[in-house]
Amino acid sequence: MRTLIQRVQHASVTIDGQLKSKIGKGLLVLVGIEDRDTQEDIEWLCKKIANLRIFDDENGVMNRSIVETEGEVMVVSQFTLHASTKKGNRPSYIHASKPDIAIPMYEAFCAEMGLQIGKEVQTGTFGADMKVELVNDGPVTIWIDSQNKE
């Protein structure tokens, strides 16, 4: 499972011209799922994300987590995080899970993220053509892959 985490001032998801969800200060988490991902990957990633110390403390040092700042989280499915660009110029998405596997994993990820931060997360809609808007704060953008737990 791969995630791209962005610290944001605000973010929103619009589908077919209709606002689906929005958050204020917090994290936009893009998540890509592959067949080998498990519940253990979900729990590890959500705990890691909830406790990342990437928000400023009173001294302007990135020393506080999303839980400590009581910020908001938006989770958006993003199969293109598993794009393979090794061969040719057209990315291959062969490693990205099909919806029958990915949808339940995405829903489990969103539920676990909510448990970790102690509040409901906002979401996109799996498989929809979404327009995601954000103001990246910092910018702070972090990539975490559960298959590479460094």
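Which pattern does the chain follow when read along the sequence? From one end to the other, the order of its elements is β-β-β-α-β-β-α-β-α-β-β.

## Basis of the report

This is a predicted model, in which local features need pLDDT of at least 70 and side-chain atom pairs count only at pLDDT 80 or more, while totals for chains, interfaces and linings use all residues. Residues are numbered from 1 along each chain as its sequence is written, and side-chain values use heavy atoms, with hydrogens and water left out.

## Overall fold

The secondary structure comprises three helices and eight strands. Both kinds of element are DSSP runs numbered from the N terminus (helices: H or I, at least four residues; strands: E, at least two).

The C-alpha trace spans about 45 × 40 × 30 Å along its principal axes. The chain has a radius of gyration of 15 Å, which agrees with the value near 15 Å for a compact globule of 150 residues; the radius is taken over C-alpha atoms, and the globule rule is 2.2 Å times the number of residues to the power 0.38. Among contacts (heavy atoms within 4.5 Å) between residues at least 6 apart in sequence, 74% join residues at least 24 apart.

## Surface and charge

Of the 150 residues, 43% count as buried. Buried denotes under 20% relative accessible area, exposed over 50%, and partly exposed the range in between (1.4 Å probe, protein chains only). The accessible surface of the chain comes to about 8500 Å², and carbon and sulfur atoms account for 48% of this area. Accessible areas come from the Shrake-Rupley method with a 1.4 Å probe, and for residues only the protein chains shown count as cover.

The chain carries 17 positive and 22 negative charges, whose mean positions are 5 Å apart. Lys and Arg count as positive and Asp and Glu as negative, whereas His and the chain ends are not counted; each charge is placed at NZ of Lys, CZ of Arg, CG of Asp or CD of Glu.

## Cysteines

The structure holds zero disulfides, a disulfide being a pair of cysteine sulfur atoms within 2.5 Å.

Cysteine 46 counts as buried, at 0% relative accessibility. Cysteine 110 is also buried, with a relative accessible area of 9%.

## Backbone features

Most residues other than glycine have a negative phi, and most peptide bonds are trans. Aspartate 16, which is not a glycine, has a positive phi of about 50°. This aspartate lies in the loop between β1 (2–15) and β2 (18–23) and is exposed, with a relative accessible area of 75%. Glutamate 70, also not a glycine, has a positive phi of about 55°. Its place is the loop between α2 (66–69) and β6 (72–77), where glutamate 70 is exposed at a relative accessible area of 62%.

The peptide bond from glycine 138 to proline 139 is cis, with omega near 0°. Proline 139 is situated in strand β8 (residues 130–145).

## A buried glutamate

Glutamate 34 is found in the loop between β3 (26–32) and α1 (39–51). With a relative accessible area of 7%, glutamate 34 is buried. Apart from its neighbours within four places in sequence, glutamate 34 is in contact with Met1, His82, His95, Ser97 and Gln147.
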